[in-house]
Amino acid sequence: MQTQSIQPCARALRRAAANAILVIVAMFGRTAAASAQTDFYNTDAGRPIRTEDAYPVERRAVELQLAPLRLERASGGLYTWALEPEIAVGALPQTQIEIGLPLAFADAGVGRTTSTSGAAGLEISALYNLNVETTLPALAIAGDALLPVGGLAPDHALTSVKGIVTKTFPFARFHVNGAYTFGAEPQLGLPNVLELWRWFGSLAVDHTLPLRSLLLTAEVVTEQPIQDEEDVRWAVGGGARWQRSPRWALDAGLGRWFTGADQTWYATFGGAYAFGLPWRGRGR
Amino acid sequence: MTARMLATLQRTTMRSKLLGALLASLLAMEFPVPAHAQWVQQSRQFYLQAPHNWRFRDQYQSADRLFNAFDYGHAILYETLWTKPNASPDVLEVDEYAHLVRGILVHPPRLPLEETVIEPRYAQLAPEAKLMFEWAHVLHRQMYDVLADERLSPAGKDTAVARLLAYYKSRPDLAFSSTPKSMKLMQEQPYSLAFRTKYPKFNGLIWAYHWMQVGLYEPLLVGRSPEERQSLVRATVARFWQMLEHPVETMPHQMPMTAAISPHFAARYPEAAIIFDNLHSMHDVISDVLANPMVPRNRKRAEILRAARLFRDDTSYVMTVQAWRTMSEHMGIENMGGPSVGFLAPLPTPTVTYGAVMTHDDRTGEMTGFKHGNAVGGEHAGHGNAAAADTSAAHAADHMGHAMPMSPAPSATTPKQPAAKAAPAKKPAAPKPAQPANPHVGHPLPME
């Protein structure tokens, strides 16, 4: 794993992050309606919490995670910033394909004499919803490949599988996620900016205020980091997802790892813009 | 024991704890998995991407928000009927009705709702039917968008509507048939009438919703300028509120039929009008299935799915388009809340009892009698039909004679195929209409 020390790039990334925040803040403040309807209800991994529901984006929908920002503060005041732009497409019935390009910036700190930034891999994933809820919970399976693209990426591709369960009750919705990463431990010359894991499990609950198009959620997560020598760690997190307009959903989250080597705080903030795939069919 | 072995042991212990915790979480959720648990695979679909997306929301915000409130009303109705089968009717007729009329409708949500949150148990009972409704509601919304898009010419709107209908039909697993269905499918089934009988006020509210949902197309279509469309839409919305003033007297007494309420719209876009009538009929069917204790709880899902299948196919309970127009007219627009444009200040006086069930000739659409309720009031006084008796031709003719003619729209626009054009010729001559033939012409803004 190569260590980079590209200050101009770091500044550019910081500027990009700041601009992204400005754009999102401006979006919150707009009075005119921008022209998916209930995207806020469809939680995605990391938006705002790691646990996701068992449903893909709607068929023929495209969801752009334009400026999903993640900020992590480790003990000692070291910050890691990550921007994780993604595009999710409801390509097939009950199926979502997602491509993401995580970009990270890490402060100088233990093991590093300079700050570091760069792409942290190219992530390609697919989620297939097995069923909709009846008396049975909704189930989904997902597969993910993280390719070694960029200076902060792992040195070889990592693949993982995930199982998702969603059950809705009148008062709340519950989700259970469990995932496992295959392959040898990658060489990471930097802190684990993407928080790669060997396995993780999580339980989340969310409550929706339907008339306000607002979802409040909380989770508990446990994981074995990808480095075998590290201990299993636990985190709690929470957040909200809000439908700003028919096309825009915003999210914000906060969490803390309270065991493990790095007992860090983290915050997420982002916006998803939804639109439909072009349709070539014609009327009469 | 080395430090590494100790670490390994600790990790193993942690993993065991983790698995235990997750298992405990799952068990704590207590998934009920009864013998009839259903494995259902279906997917939601995004609306058709087009330049006209959300134009109605942008241009007619208050009307658009009311539709969001209507979604809440439908959802809470089904959830209540399914989850509180033994509750007093007051739960819906008093409490929920007041919540809707004084709360949700007055302060409607600014965005379309995620109905699963409001009706989680119903959504789990019949997700297939729920998705059918969602898909048809998407069509509803997109039709408003097209008609509200001032950048589109009339021909451009026709093309856009044709594309919407093609997109809608691209999901045959969700799409209602665009072939007209006889009212028998809606109100002559073994479970029929339970809802309107037990919950007349809420039923009237739903019919008022449906009146406005189909009625709002008419002002968008017949208004000759953006300003006129705006003022006509405001009048139509005001008319909706007028219907809620004295439930159930001021509410529609029959399911509003699109060909009657929005004749220009139904003439120009008959397929869409038929789809919406089928949609609204199925809303009533599901209310009846859920409200009728004669349908055992373990049969409700099957009955809902049966109805859904019949409303999707093009072969069951079908009638011709002309028969559908005739039937719509013979049901009497005055019994459906009246026209949505060009109306007089007072609401029309219904000529049948609330929730009456007329029978019709499936071939011609002509009314043949009453299966439930009878003709009443006004010019009908003295012509009362036997409520329970099946079909009296003489009484049927009486009622038909008093069916109110379609009210022309205020603009000069003439429908290509006027909905009621052919029907009057088939109707028996009315001795005296309940109201003048064209009493509403020239009164586009009675509420102002």
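Me: In which sense do S9(A) and strand S10 (residues 158-168) of chain A pair, and over how many bridges?

Reply: This is a predicted model. In it, S9(A) and S10(A) pair in the antiparallel sense, over nine bridges. For a position to look at, take Leu139(A): its bridge partner in S10(A) is Val165(A).

Me: Which sense does the pairing of strand S8 (residues 122-129) of chain A with strand S9 (residues 138-147) of chain A have?

Reply: S8(A) and S9(A) pair in the antiparallel sense, over eight bridges. Ile124(A) has Ala145(A) in S9(A) as its bridge partner.

Me: How many helices and strands are there in chain A?

Reply: Chain A has one helix and 16 strands. Of its 284 residues, 51% count as buried.

Me: Now helices. What describes two packed helices?

Reply: Two packed helices are described by the angle between their axes and by the distance between those axes. For a case, go to chain B, with helix H3 (residues 61-83) and helix H11 (residues 200-215): their axes come within 11 Å and cross at roughly 145°.

Me: Is the crossing of H3(B) and H11(B) left-handed or right-handed?

Reply: The crossing of H3(B) and H11(B) is left-handed.

Me: Which residues in H3(B) and H11(B) meet?

Reply: From H3(B) come Phe70(B), Gly73(B) and Leu77(B). They meet Phe202(B), Leu205(B), Tyr209(B) and Gln213(B) in H11(B).

Notes: Residues are numbered from 1 along each chain as its sequence is written. Chains are lettered from A and ligands numbered from 1 in the order in which they are written. This is a predicted model: local features need pLDDT of at least 70, side-chain atom pairs count only at pLDDT 80 or more; totals for chains, interfaces and linings use all residues. Axes are lines fitted to C-alpha atoms, for helices over the stretch in contact, and angles run from 0 to 180 degrees between N-to-C directions. Helices (H or I, at least four residues) and strands (E, at least two) are DSSP runs, numbered from the N terminus. A crossing is left-handed if the near helix is turned anticlockwise from the far one by less than a right angle, and right-handed if clockwise. Two residues are in contact if their C-beta atoms, placed from the backbone, lie within 7 Å. Two strands pair if DSSP finds at least two bridges between them. A residue is buried if 20 or more other C-beta atoms lie within 10 Å of its own, exposed if 12 or fewer, and partly exposed in between; C-beta atoms are placed from the backbone.
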